[in-house]
Amino acid sequence: MIAAHTDVVGSLLRPAALRKARDDWVAGRLNHLQFKSIEDRAVDEAVSLQEVAGLDVVTDGEMRRLSFQSQMTEAVDGFGAWDINAFLWGNWHGDRTVGDAHRARPVNLGVVSRLVRKRHLAVEEFVYLRGRTSRVPKITLPSPSLFVNFWSPERSLSAYASLEHFLADVVAILRHEVAELVRIGATYIQLDAPHYPLLLAAGTRSFYESRGWTFDEWLSRGIELDNAVMAGFTDVTFAIHLCRGNQEGRWLVEGDYEPIARPIFQRISASRLLLEYDDERSGSFAPLRHVPDDKMVVLGLISTKRPQMEKPEDLIRRITQASRFVPLERLALSPQCGFASSVLGNDLSIEDQRRKLETLCDTARRIWG
């Protein structure tokens, strides 16, 4: 198991040049080769940023993605018409700086035919990343049950007899992806699962229950699907990341982990738990008492939502508090989420991002050496 005490969730802020290049490529003002060259350069900069900061684990910053989950819909036919709003809808809450925002769920969102994989989801990302870092390269994939977002009781039954049949195909695609990543040398793979904490609030839970499963079924069946993706790959360290929504400095829900902690922490096959804990929205560290002895907890104490810098002394105090429930040697430190769960990013500058990653690594050195 990878036992690194510093980690990063996945995404980093997209440089302005990359965002413009994506727009130009979509509009036909750049050809594919020109766009890929700019994309590559953004990944190079992301890797350098993380290595200079001192991180043990690095990602490609998800520079090649529209959203942390869009590689699935880009690589697979059958999801129907979609755009970035498929991943951004909801009632978003923000502080006084960014305020609240509402995005409606696209009316026609929904899988419309059997899923057919056109290409790999993340193999390009891993192959490029592994050739440009001496640190542990991590690849992120979406948790399969997250794609309930694309299940429509009105439109999807012509393609699949049930939600279960649809998600079984999602699992099969993700398992195929993991198998190929492992074949070419991946040793650290993370499943992103923000939908579990969204079960904590009545407003967001109602959407998931409207798809056909109860709260308890979402926990039991969702975990079974996650474990099915990970099963049998014994040479890989798997992680699961939980957060409460992350877009443009906003969040979707608040709530302590306690109602979901025991089933997820104890039954998930992942050996690293990356948990959002940057402020009071995530509640206390008490639910960490449910973490088994064979898992590490990566405390997401560094906020990616706001530019204000954390103080190492405050971070050390909070890590010490968490060590009442999980021994210090099984704790690690990371940001609470990605800096840019989609191309829109959060309300920080790239310089803010750099300083936060350096603070993370400085704090970790003070604690673990």
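Predicted model: local features only at pLDDT ≥ 70, side-chain atom pairs only at ≥ 80, totals over all residues.

User: Which residues line the second largest cavity?

Analyst: The lining consists of T59, D60, E62, R65, E125, K138, I139 and T140. By class, 5 of these residues are charged, 2 are polar and 1 is nonpolar.

User: Let us turn to the pockets. What is the volume of the largest pocket?

Analyst: The volume of the largest pocket is about 560 Å³. Its lining comprises 37 residues, and F87, W89, W92, L198 and L252 are the ones that lie nearest the centre.

User: Which elements give two or more residues to that lining?

Analyst: They are the strands β3 (90-92), β4 (101-103) and β8 (188-192), together with the helices α6 (195-198) and α7 (202-210). The most is given by α7, with 5 residues.

User: How does the lining of the largest pocket divide by class?

Analyst: In the largest pocket, 19 lining residues are polar, 15 are nonpolar and 3 are charged.

User: What about the second largest pocket?

Analyst: The second largest pocket holds about 260 Å³ of space. It is lined by 13 residues, with R22, W25, F35, R64 and E74 nearest its centre.

User: Which elements matter for that lining, counting those with two or more residues?

Analyst: Helices α1 (16-26), α2 (32-53) and α3 (70-75) each give two or more residues to the lining of the second largest pocket. The largest share comes from α2, with 4 residues.

User: And the classes there?

Analyst: The lining of the second largest pocket has 7 charged, 4 nonpolar and 2 polar residues.

User: On to the helices, then. How do the axes of α1 and α2 run relative to each other?

Analyst: The axes of α1 and α2 come within 10 Å and cross at roughly 160°. The two helices α1 and α2 are therefore roughly antiparallel to each other, since angles over 145 degrees count as such. The crossing of α1 past α2 is left-handed.

User: Which residues make the contact between α1 and α2?

Analyst: From α1 the contact uses A17, L18, A21, R22 and W25, and from α2 it uses H32, F35, I38, E39 and A42. By class, this contact of α1 with α2 has 7 nonpolar, 2 charged and 1 polar residues.

User: How do α2 and α4 cross?

Analyst: The axes of α2 and α4 (residues 123-130) come within 11 Å, with a crossing angle of roughly 55°. Helices α2 and α4 are therefore oblique to each other, and their crossing is right-handed.

User: Which residues are involved in that contact?

Analyst: On α2 they are K36, D40, V43, D44 and V47, and on α4 they are E124, Y128 and L129. The contact of α2 with α4 has 4 nonpolar and 4 charged residues, with no polar ones.

Methods: Residues numbered from 1 in each chain as written. Heavy atoms only, no water. 1 Å grid on protein atoms, 1.4 Å probe; cavity = no way out; pocket = protein on both sides within 12 Å on 5 of 7 lines; lining within 4 Å. Points joined across faces, edges and corners; volume = space filled by probe spheres on them. Nonpolar A, V, L, I, M, F, W, Y, C, P; charged D, E, K, R; others polar. Axes fitted to C-alpha atoms, helices over the stretch in contact; angles between N-to-C directions. Parallel < 35°, antiparallel > 145°, perpendicular 65-115°, else oblique. Left-handed = near helix turned anticlockwise from the far one by under 90°. Contact = heavy atoms within 4.5 Å.
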